[in-house]
Amino acid sequence: MNFPWLTVCLLLPLVGALAVMLVPKASARTAKRVALGFAVVTFVLVAIVAIGFKADGPEPYAEDHTWIAAFGAHYALGLDGIGIVLIVLTALLTPVVLVASWHDARGGRWSERSFFAWILALEALSIGVFAAVDVFLFYVLFEATLIPMYFLIGGFGGAQRSYAAVKFLLYSLLGGLLMLASVIGLYVVSAQEGPPSYLISDLAQLDMGTNTERWLMLGFLFAFAVKAPMVPFHTWLPDAAAEATPGTSVLLVGILDKIGTFGMLRYCLGVFPNASEWATPVVLALALVSVLYGALLAIGQTDIKRLIAYTSISHFGFIVMGIYALTSQGMTGSTLYMFNHGLSTAALFIVAGYLISRHGSARIADYGGVEKVAPVLAGTFLFAGLSSLSLPGLSPFISEFMVVAGTFSRHKEIAVIAVLGVVLAALYILIMYQRLMTGPLENDRLARMPDLRFRERLAIAPLILLIIGLGFYPKPVVDVIKPAVEATMTQVGVTDPEPEIPVTEGER
Amino acid sequence: MSALLVPLADFTAPKIEYGELAPLLIVFIAACAGVLVEAFLPRPLRYPVQLALSIVSLVVAGGVTVLSMWDKDRLIAAEGAIAVDGPALFVWMTLLGLSLISVLMFAERSVDGGLSAFAGQAAAVPGSEAEREATALRVEHTEIFPLTLFAIGGMMLFAAANDLLTLFVALEVFSLPLYLLCGLSRRRRLLSQESAMKYFLLGAFSSAFLLYGIALIYGYTGTMSLGGIADALPNKIGSNAMLLAGMGLLAVGLLFKVSAVPFHAWTPDAYQGAPTPVTGFMAACTKIAAFAGLARVFYVAFGGERWDWSPMIWVVAILTMAVGSIVAITQTDVKRMLAYSSIAHAGFLLTAFVGAAQLGSGVTRGVTSMQAVLFYLVAYGFATIGAFAVVTLVRDAGGEATHLSRWVGLGKKSPLLAGIFAFFLLAFAGIPLTSGFTSKWVVFTAAWTGGAWPLVVVGVLCSLVAAFFYVRVIVLMFFSEPSAEGPDVALPGWQTTVAVSLGLAATVVLGIIPGPVLDLAARAGEFIR
């Protein structure tokens, strides 16, 4: 039996969370260091796993143990190119968030150590979600991630945190419970054909009736659409992101919401290929609406964090569009987009958090001329903003380009309209930058604003490096994603449309 | 005259399978012995002797049950009156385990200044001089122990009753002690007596319905035995109005005990007024016995008439889930909220029951309805008793502080207790990694396997509504500042500690590794006739 690498990656943060809770309440510093230590070790471990991962070779990390025989549930973990990218993102963002929110938990309802412990617990569960290859295990972990996130929002956020936390929880539960109905339906279908099994590999072989497959797929799709979030199921996100601490928002938008798009790719397409193909027109339409509606609302926001939340809704629209365009370029682009969006939104939320913690207000109107007193802060903010609007040379550009190009090869009209979202992105980012950073100083308190400290620069540095690095050389990540995407394409049974190159007279 | 004088030679003694019926007999004998203890032992000795007697009898009965689960022989005992089959033994074991915890809770004295939760002198007028005297003298009603044992025995008999008369007798044997126990609260006695009165009156009504149903069924089929009814029904021709009416009336009586809507009206009042340990006992054990009885009657006797009764149960299941979860939202008292939650749980259980995923309806693969119902009852029972045990610990000068406004900020005052209660609530809400999730999964799966998938959809939507009010309590406990004169958290004695820890342990274990209990429930198989 191989060494259970994935289980260790999953358990390590969980052990860390317990260890942090065992540190006495008074020594918050020690607790935070312990937490950071565990997060860094987890990252190293995940990095080792990622380096050892061969995208097109045999799977060295698969684990499979029967868990609940009567349910056909397995404790089964495994990696594919899509999962590993998101696991790396999770392991990367967690230590970044810990460093960036080193002091953010002070105003919370509970001790600082519990904030750090919840974050580690969330990391463990998220890694599990991305590594699970059993629908039951996935569902259990998917729902379990709600608990740490609920307490992170409700315990450490702004004035309306309780409201935001409950709204988040109820929306997610609504999606999750409808998915539960589908999960149960899968069992029934599976049990009719033989010994029940929840392994994705077994479920993909199932022969479901057309209507059954469609209904079951809708349960999953609804849960993921709430999670992602897509318009019209998105209203919980701006509230949650605005009330939570910036670190929590990073985890929420950067990791947790990715479960939605990840789930569409792995579960909707992987287990219900025909039904997913049937649903494409509606999903694409909703994705397009998300792209434009999210961007338009972002322009109109007066609160920095709400604005960033709406930009994410727009970005998630792109990701979903790329997935449901059903082209290998679109899907690869979407997966890459998930990773890059994690980086750029994390950078944006974190820098916005630095700004807000200095001035104590999230209202855009309270700022002005910050670049005069805090040039590094303003500079990183501009950088994060430009990466969010997909400036060429930065990593999000590549993924956005791939998504639009991949969509264009099958659905020209949709791709053309979606490009408007890119233009709107420039508007919402640059207008925000202009209002916050340029112009005269709004008041005296702003004039005394300190620039970024060492810790704050340290937290943001890896994100900036990666955004630039992957902007010029995305090949390593793309190479990992590609085989997994091709496998998904085969499962759905679609091939890329033939390019329509006009044949000129001369060549004939 | 000669007809009355049966010659002795013609008389054959009924064959009683003492070995198989031992658990039942042990509990009843201990109950009778408990009455004698009340009569002959001096007052100071009664409490320890009664407690020891109850614990020993329950443990021994449990041990015997486990032993008889081991060997495969299942039989109809006592001349066809009692069926000792897989489900019966499983229910017995569950009942005995949960009753043991309940008896411990009944015996708890340390949370209320050295006195139990029961009235010192139930006959004294509330607020009177006699009552104060009794309290000062530390008088106790140790009769509660034999009463409880009678109730437990009745429940066990109810779950195994193989003919309608035994069913009715068992129903009365376990109901009458419960009516009494409900009225025996030490604190808030008027509320307690009111609850006993309501429970008794409505319970008597429902017994009458049940009896009427039995009469009609007997009139239609000419037999009382469940197997006999099943055999007689296919040969009947002509109008079946009497059968339908009889089934309906029987269902009313049984659904009343299950506290299914629209026969649930007693539940919130009885649960709120009864002493909290009794509430926990009723919520867990009565529901288990009632479901076992309901399933036995309808699967064994009316299994072939499924299409006649299942529409009715469909409606009841939907109503029960919806009313239970929606009305719970507006509750301001912890015990009433848990009462409505228990109604909603009855609804979830009914989905599996009405799905009837079993051999008789052609389902051969996957989860069966009996397995689902049995597993759910175990998971629900432990969590419920644990939750009510926590309720006994949150107190103020007037006894238990059950109003939700008194629970505000409990998480600050006692993080451990609030955390445990939150965990039970998450289990009730069906959050994964708790027993609530696995049990919900299993009942919905059974329902869907039996073809009742619309009920599953209604069920998950009601779960969402239910989740809302459970989360509301968590918000109250953790996200709100405690008021100045908030409640105190009493230091639990060993009895309550054991009850809470067992409830917690079962909720965790059944949530993470439910396999063994599920297999046990699957091995229980189906009812025999």
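Tutor: Helices (H or I, at least four residues) and strands (E, at least two) are DSSP runs, numbered from the N terminus. Counted that way, chain A has 22 helices and two strands. This is a predicted model, where local features need pLDDT of at least 70, side-chain atom pairs count only at pLDDT 80 or more, and totals for chains, interfaces and linings use all residues. Residues are numbered from 1 along each chain as its sequence is written, while chains are lettered from A and ligands numbered from 1 in the order in which they are written.

Student: What makes Thr221(B) buried or exposed?

Tutor: Count C-beta atoms, placed from the backbone: 20 or more others within 10 Å of a residue's own means buried, 12 or fewer exposed, and in between partly exposed. Thr221(B) has 21 such neighbours, so it counts as buried. This residue lies in helix H7 (residues 189-221) of chain B. In chain A, buried residues make up 61% of the 508.

Student: And which residues does Thr221(B) contact, beyond its neighbours within four places in sequence?

Tutor: Contact means that two C-beta atoms, placed from the backbone, lie within 7 Å. For Thr221(B) that gives Ile229(B), Ala232(B) and Leu233(B).

Student: How do you know how H11(B) and H14(B) are oriented to each other?

Tutor: Two packed helices are described by the angle between their axes and the distance between the axes. Axes are lines fitted to C-alpha atoms, for helices over the stretch in contact, with angles from 0 to 180 degrees between N-to-C directions. Under 35 degrees is roughly parallel, over 145 roughly antiparallel, 65 to 115 roughly perpendicular, and the rest oblique. Helix H11 (residues 276-301) and helix H14 (residues 369-393) of chain B cross at roughly 170°, their axes coming within 7 Å. H11(B) and H14(B) are therefore roughly antiparallel.

Student: What makes Leu326(A) stand out?

Tutor: Most residues other than glycine have a negative phi, and most peptide bonds are trans. Leu326(A) is not a glycine, yet its phi is positive, about 60°. It sits in the loop between helix H14 (304-324) and helix H15 (328-359) of chain A. With 26 other C-beta atoms within 10 Å, Leu326(A) is buried.

Student: Where are cis peptide bonds found?

Tutor: One joins Ala228(A) and Pro229(A), with omega about -20°. Pro229(A) is in the loop between helix H9 (210-227) and helix H10 (236-243) of chain A. Another joins Val261(B) and Pro262(B), with omega about 5°. Pro262(B) lies in the loop between helix H9 (241-258) and helix H10 (266-273) of chain B.
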